Amino acid sequence: MTTPKPTGPPDGGWGWVVAAAGFAVNGLSYGVLRSLGLAFPDFAEYFDRNAQETAWVSALALAVQQAASPVGSALSTRWGARPVVMVGGILTSLGFVFSAFAHSLLHLYLGLGVLAGSGWALVFAPALGTVSRYFSRRRVLAVGLALTGNGASSLLLAPALQLLLDNFGWRGSLLLLGAVTLHLTPCGALLRPLALPGDPLALPRSPLAALGLGLFRHRAFLVLTLGTALVGVGYFIPYVHLAPHALDRGLGGYGAVLVVAAAAVGDIGARLLCGWLADQGWVPLPRLLTVFGALTGLGLLAVGLVPVVGNEDSWGGPLLAAAGVYGLSAGSYAPLIFCVLPELVGIGNVVQATGLVMMLLSLGGLLGPPLSGFLRDETGDFTASFLTCGSFVLSGSFVYLGLPKALPSCRPASRPGTPPPEMGELLPVPQIALLSPGDPHSTLDTTC
């Protein structure tokens with residue numbers, strides 16, 4: 001009896017279960033990390049440290065999670081995503097439980113930063129790469145759906161964590177978060193393996209090959225990772241300091257929660273809407289990535305320039321609006337950075353490429369939050385922090401202009417035979433002739 005040959009991504013079926021698992025994985029990683037900033041004032045007060053020192057907790061977690069993502073990708077290539085994600089869920093839970101008994105800030109660095117960060121490194125790239133493998137025509141929508149777990153988790157966890165902090169303190173809150181993050185393990189069990197035509201015929205023979213470092217030989221992938229590293233410096237600062245920024249602007253604790261919730265709502269809606277828009281094929285993905293990256297940078301500038309509100313009972317309308325705009329733009333950017341990878345490196349390399357992109361993001365994740373805390377300590381508020389992070393995001397978006405199809409082409413071209421995204425598109429693909437329904441004449445896409 002012969003084994004049936006793989007025919008391509010199913011574009012549905014069990015893929016939607018995998019997308020739901022990716023949704024939960026994203027919520028229990030980045031969603032938890034985004035809401036954790038609400039506990040930083042308690043950390044600073046208990047350990048008698050400043051904002052810069054407490055910011056290293058999340059900075060280390062981000063850095064370890066992203067720097068070690070290629071390891072998670074390599075292990076997933078060798079053993080499959082399912083067992084790797086399940087082990088990562090156990091490590092993450094242990095990190096929170098260990099931190100609940102911390103007696104110094106160093107214990108939090110080790111527990112939340114190193115141990116929980118290592119667990120997150122094993123779950124994110126394999127889960128998201130698996131979602132991409134299950135879809136082709138609806139890939140951006142599916143990945144966008146998985147990534148909405150970030151915003152949905154922030155929307156639910158931010159008020160819940162504030163309630164836990166008020167009633168159980170930061171130790172009890174971390175202990176309960178350890179129980180919550182343990183649910184990453186059953187999420188990993190849902191990641192059923194899938195064989196595709198573009199998969200390598202043999203397993204990598206060396207650790208370096210398993211990490212996928214050879215992808216850096218391709219100019220398009222190198223441009224993408226360079227721009228993403230710059231974006232990463234500023235992109236994660238709101239995860240850590242949006243709530244403290246709202247407190248500095250005069251809002252109360254629950255007012256700050258409302259600001260985080262506004263960003264989360266915008267984030268959720270934008271990821272789904274952008275996923276649907278990108279799947280229509282009207283605009284090339286690299287061009288959308290560049291546009292929404294620039295809008296994210298402008299949104300961060302707007303958050304930093306919001307004036308101080310009158311009192312703690314105020315709703316902080318301008319800051320709510322700016323946070324909502326930031327959430328919309330950042331939510332649109334997030335699925336594109338991962339969905340452009342199959343077009344650049346091929347579906348067989350997408351898990352390794354996802355891990356490498358996360359590793360480059362770690363450079364920004366390590367620098368951004370401490371730099372933001374330092375600027376806050378020096379200036380007395382987070383205005384300079386958000387202006388700086390917005391500038392980094394704009395710089396990275398400018399680098400994306402070097403990607404294939406990021407800029408419109410001025411040269412008309414006939415309809416070519418283009419390779420499918422599953423095989424990779426490392427070079428610009430010529431523009432095709434656009435046919436209008438009922439119109440025998442075609443118009444060439446020659447917009448500059």
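Is Arg-49 buried, partly exposed or exposed, and what is its relative accessible area? Arg-49 is partly exposed, with a relative accessible area of 37%. Here buried means under 20% relative accessible area, exposed means over 50%, and partly exposed lies in between (1.4 Å probe, protein chains only).

The model is predicted: local features need pLDDT of at least 70, side-chain atom pairs count only at pLDDT 80 or more, and totals for chains, interfaces and linings use all residues. Residues are numbered from 1 along each chain as its sequence is written, and side-chain values use heavy atoms, with hydrogens and water left out.

The protein holds 17 helices and two strands. Helices (H or I, at least four residues) and strands (E, at least two) are DSSP runs, numbered from the N terminus. Of the 448 residues, 54% are buried. The exposed surface comes to about 18,200 Å², and carbon and sulfur atoms supply 69% of it. Accessible areas follow the Shrake-Rupley method with a 1.4 Å probe; for residues, only the protein chains shown count as cover. Among contacts between residues at least 6 apart in sequence, 84% join residues at least 24 apart. A contact means heavy atoms within 4.5 Å.

The largest nonpolar core has 111 residues. Such a core is a set of buried Ala, Val, Leu, Ile, Met, Phe, Trp, Tyr and Cys residues joined through side-chain atoms within 4.5 Å. Leu-108, Trp-120, Leu-174, Leu-224 and Leu-336 touch the most other members. Leaving aside residues up to four places away in sequence, Trp-120 touches Leu-28, Ser-29, Val-32, Leu-33, Ala-61, Gln-65, Thr-92, Phe-96 and Leu-184.

Helix H14 (residues 317-339) is largely enclosed by the rest of the structure, because 18 of its 23 residues are buried. Its end C-alpha atoms are 34 Å apart, which agrees with the 33 Å that its 23 residues should span at 1.5 Å a residue. The expected span is 1.5 Å times one less than the number of residues.

Three salt bridges are found in the whole structure. Each is a side-chain nitrogen of Lys or Arg within 4 Å of a carboxyl oxygen of Asp or Glu. Arg-49 pairs with Glu-53 at 3.6 Å, N to O. Glu-53 is partly exposed, at 28% relative accessibility. Asp-248 bridges to Arg-376, with the closest N and O atoms 3.0 Å apart. This pair links distant parts of the chain, 128 residues apart: Asp-248 lies in helix H11 (residues 237-248) and Arg-376 in helix H16 (residues 350-379). Asp-248 is partly exposed at 27%, and Arg-376 is partly exposed at 24%. Arg-271 and Asp-267 meet at 2.4 Å, N to O. Both are buried. They are four residues apart in helix H12 (residues 253-279), so about one helical turn separates them.

A nonpolar surface patch of about 350 Å² is made by Phe-98, Leu-106, Leu-110 and Val-114. Patches are made of residues with over 30% relative accessible area and no salt bridge; like charges are joined within 9 Å, and nonpolar side chains (Val, Leu, Ile, Met, Phe, Trp, Tyr) within 5 Å. Helix H6 (residues 105-134) gives the most to the patch, with three residues. Phe-98 sits in helix H5 (residues 81-99). Phe-98 is partly exposed, at 41% relative accessibility.

Asp-48 lies in the loop between helix H2 (40-47) and helix H3 (51-67), and is exposed at 69% relative accessibility. Lys-405 lies in the loop between helix H17 (383-399) and strand S1 (433-435).
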